[in-house]
Amino acid sequence: MFIKTALATFKRAKQYYLTTVFTLAITLSMVLSVFSLVDLVFFAPLPYNQSESLYVLEGGLKTTRGYSPSQTNIHVTNYVRDNNDAFTEFASYLTWTGYKLYDLLEQPNLRVMLATDNLFDVLGVEAELGRLFNKTEKVGNKQPSVILGYRTWQTHYQGDKDIVGKKIQLNQRRFTVIGVAPDNLVIPTYSNINDAVWIPFDMDEVWSAEGCARCYMGGLKSIVRVKEGSSLDNIAEQLNSLAMQGAKLLTPDMLKNYTITTYIRPVRQVIQGDSGDIVLMLSVGVSLLMAIALINLSSMQLARAVAKIKTVAISFAFGASNKQLMIESLKHNLVVIGLAVGLALLITGFSFSLVQDLASGSISRLDTLGISVNTVLFSLLLTAGIALLYSYLELKVVNEQNLTTSLQSSGKGVGKQMSTGASHLLIGLQVTFSFMVLVASSHVVLDTLSEALRDKGVETKDKWSLVVDYSQIEGETERGNIHKSVFSQLEKLSLVQDVKAISESKFPSARNVQQTFDTKGNFLGSALRPRVSPGYIAALGLDIVGNDFEATDHELENYPVLINQRLADKISTNTIEVVGSKISFDNKTFYTVKGVVENTYFPGRKAYEYPEVYVPANYKGERKFSFLIIAENSELIEQQVREALGKIDSRLDVASFSSLESQFSKLSQKNLSAAWIAIILASVSLLMVCIGINGIVNYMVQVRRYDLGVKLAMGADNKRLLKDSLIELMQPVVMSLVFAFSLGFMLLGYSKIVPDITLDPNWLMITAIWLGFALLSLLVSFIPVRQVLAQDPIKALRNE
Amino acid sequence: MKNQILKISNITKSFKSGDQNTQVLKGISFSIEEGEFVSISGPSGCGKSTLLNIMGILDTPDSGDYMVDGLQVATMNASQRAKVRGDRIGFVFQSFNLIDEFTVLENIALPLKYRGDSADKRRARAQECLAKVNLADKADLFPSQLSGGQQQRISIARALAGNSGIMLVDEPTGNLDSKNGDAVMALLQELNKQGTTIVLVTHDPRYADMAQRNIQLRDGLIISDGHETNENLVQVEVA
């Protein structure tokens, strides 16, 4: 019976229901997605025991030129751990070597986290299956235990309930699965941790505390539990003092150029990071969009209410009370809005994977994003709120005081009408909000596209990056010989035009950053130091001011170097002068700068744009070495390369093989996606406001049809009537555009006094948007007026 | 002595249009007994429809008293007024005022819906009323599918449905041709014979004379109030 009634009701006003449900569903899905992010970032509790007393401990390096946060030495950290009186618990973790899961045919890359035995105890998390690390995995025990991240367990092992006790192969070593981490695990500064696996702190195949005596790393973090009642200021003072003491004892050389610091930050703050600002900005944008949609639909609802005046009045006349009509209307609207919200929740659920793809790295804990209880409650609140609003609008037009007039209303313009003020207000609000959304999203599009399309500086066409893994080959000599074979065999491949060598891929790893100094001992900065073969620079299409390496340069004890423009600018503004100057990595041995290389840019990842020092290539038995292969763009090139390596030695492995084009594309992918989202937001808001203005103008014109009909019948000129009507209808649009512009200008002025906010408006674009908006509004207003004026006056007089 | 179910005492009503204040009713007083068939007639603009709207609690007077079943309407709250409209008064409009989206049966059942009757009860009563106006076969049609005369009969059935006992009828023949108009008037007479109190507003003297009693209005005042008793017509002239 209910379904029959519902279908009958739907058939009577198909357009209204479809427009309402789908407009709300789309807008609400955006609102609910953002709310889920708000909930995740601000409200969702951390899955830790007493998280308010947990802090992240990191080190930093301070120089006269600036400050590099998040640079920590393991021994200094241990010194702080052993000598402080502020912490009751202290655990550490990092990630270092790249691993593949050799169990599986496709040998997927896997992030492997190293953790001290007490990390999970300090956090207070429980295993999903089996156990987490305990004293068995203490540093020194070298236990081959592994904990699977929840998603790794689900994805690669299909959630096998018997996984505990089984062995898995990470690169060339086998580990025993002792447990599975919980699905809500988060770790400060690392995102998507559910995709990782955990091994004991002393079990990495490359990194060890002993081998890293002097290195300061960005990836090493510690979690500490602060004693109750401790003063954070006192702790900060103690930490810095201990850090300097530890550095003096353990890494004294660093103190020549750096002040060593150590600091703590609350775990929630670290996990939230920049997420809070991003999510708040998204919230503002989506709220504006929601406001536009609601105004749009409210004006439609008002128009519908006006058309239903007589129905409501008749109900009043036959004994309906305000309460009864309100309940009736509310029931109807709850069903309609509830349907829209249900659809929105569905869309939101599907959108999470897109959000995770786009925002991973920018917003933390995204792998735990889901529809929470708070989101469901929020959506119920929205349902009730919007339904109440609609019911209020529906019933406000009729009351006991105006029953007789309402009973005479035909709903076609005679009788009760929406007041001019209300119509203008609705138009004005929509235009204001939409203008602001359009301006903001246009700037996002401009910024993200400019970044994504920024020149790379290198030629990427027909170029491939190959990283060969020699780790299964023992002995430097054997590796060296095999490396020579690799080089020569690659050159002989039919599809290959040229091969150049580089110690690490063009996409830099931050591990190989070295201090550089000029001849006066001034610290120039931390620079990458890749080793390249002659011709590598030219193969990438990079210009050199000066000369490239020669084949024998690597044999020299005091070999020359090439530096990039970024580093050269720190030495002198005159590049010619830089050629022939000298730099050092230790302020003892100096190397002549043979040439200055054009910069490489990484659109979408400015963090990769380091100063660089190129050193002549000389394979020294590294576990991994890279090659730049120039070959035709062919599907067969990878196959050829893999076969060639396989023939040389079966122990050789391809750590990675990809085109330079695809590598660069991946970096800018997020910018492009952000640009597309901004375009969609802007388009949706523009479309909604055009529909809204058109709808309201349509309505306003219809209620004035009679007047227009009289004027036409009296011989008024069509052009004159059109002009007069348009001037009247465009007034609220223009006024709200002026208001929106003024509001934006005021906000911009305010932002200048807020230090953390930097807004850089593009005035030309804003002006273009303003004019475009005005023209578009004129067009959507023109059409309904033109339609009425084109009719027979008598039809307007009869209100047909 | 029959019950006085409606009593109007010194009702005034004016309408404001810009700066102009037009007094439509200038002090109207009369009462109606149960079972009466009263017509209110007069020239266009004399205030008869305004008076009927006040009697139907669709409008409020500027001053004066209006009592329904001895209860003062002015002291009632909104819920009480709605209850009186639903339980005690059935209204028939000149322009029918049927709801286009509802079927004939749903239109007739409307007063019962707000009284809280169950769907089955409403349906049964609506069918009964539909039968009374001889349109039982039109139950599932929509108003737009009916002629003017049929729509007005549906409107009468709706006024009957609540079993309110009082029917206020505003120019029921105004939008009908004479044949349909006669049919509607015949129906009203039949209903009155069955015990329904009817107050009819009409500008047509033929139809006004069909009532037992005719109240004539002019310029917002009663100029005559005629009674028809069982034996003879007593005319009372009001100064």
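## Close-up views of a predicted two-chain model

A search over all chains of the whole structure finds 33 salt bridges, where a salt bridge is a side-chain nitrogen of Lys or Arg within 4 Å of a carboxyl oxygen of Asp or Glu. This is a predicted model, in which local features need pLDDT of at least 70 and side-chain atom pairs count only at pLDDT 80 or more, while totals for chains, interfaces and linings use all residues. Residues are numbered from 1 along each chain as its sequence is written, chains are lettered from A in the order in which they are written, and side-chain values use heavy atoms, with hydrogens and water left out.

**View 1. A salt bridge joins Asp195(A) and Arg151(A).** Their side chains meet at 2.9 Å, N to O. Asp195(A) sits in the loop between strand S10 (173-180) and strand S11 (197-200) of chain A, and Arg151(A) in helix H5 (residues 150-157) of chain A, so the pair ties together parts that are 44 residues apart in sequence. Helices (H or I, at least four residues) and strands (E, at least two) are DSSP runs, numbered from the N terminus.

**View 2. Helix H1 (residues 2-12) of chain A crosses helix H2 (residues 14-43) of chain A.** Their axes come within 5 Å and cross at roughly 100°; axes are lines fitted to C-alpha atoms, for helices over the stretch in contact, and angles run from 0 to 180 degrees between N-to-C directions. That makes H1(A) roughly perpendicular to H2(A), the term for angles of 65 to 115 degrees. Here Thr9(A), Phe10(A), Lys11(A) and Arg12(A) of H1(A) meet Lys14(A), Tyr17(A) and Leu18(A) of H2(A), contact being heavy atoms within 4.5 Å.

**View 3. Chain A and chain B bury about 1900 Å² between them.** Buried area is the accessible area (1.4 Å probe) that two parts lose on being put together, summed over both. Carbon and sulfur atoms give 56% of it. In chain A, Arg12(A), Phe318(A) and Glu400(A) lose the most area to chain B, together 34% of what that side buries. The contact takes 18 residues from chain A and 21 residues from chain B.

View 4. Helix H9 (309-317), helix H10 (322-359) and helix H12 (403-408) of chain A each supply at least two residues of the side that touches chain B. H9(A) gives the most to that side, with six residues.

Notes: Parallel < 35°, antiparallel > 145°, perpendicular 65-115°, else oblique.
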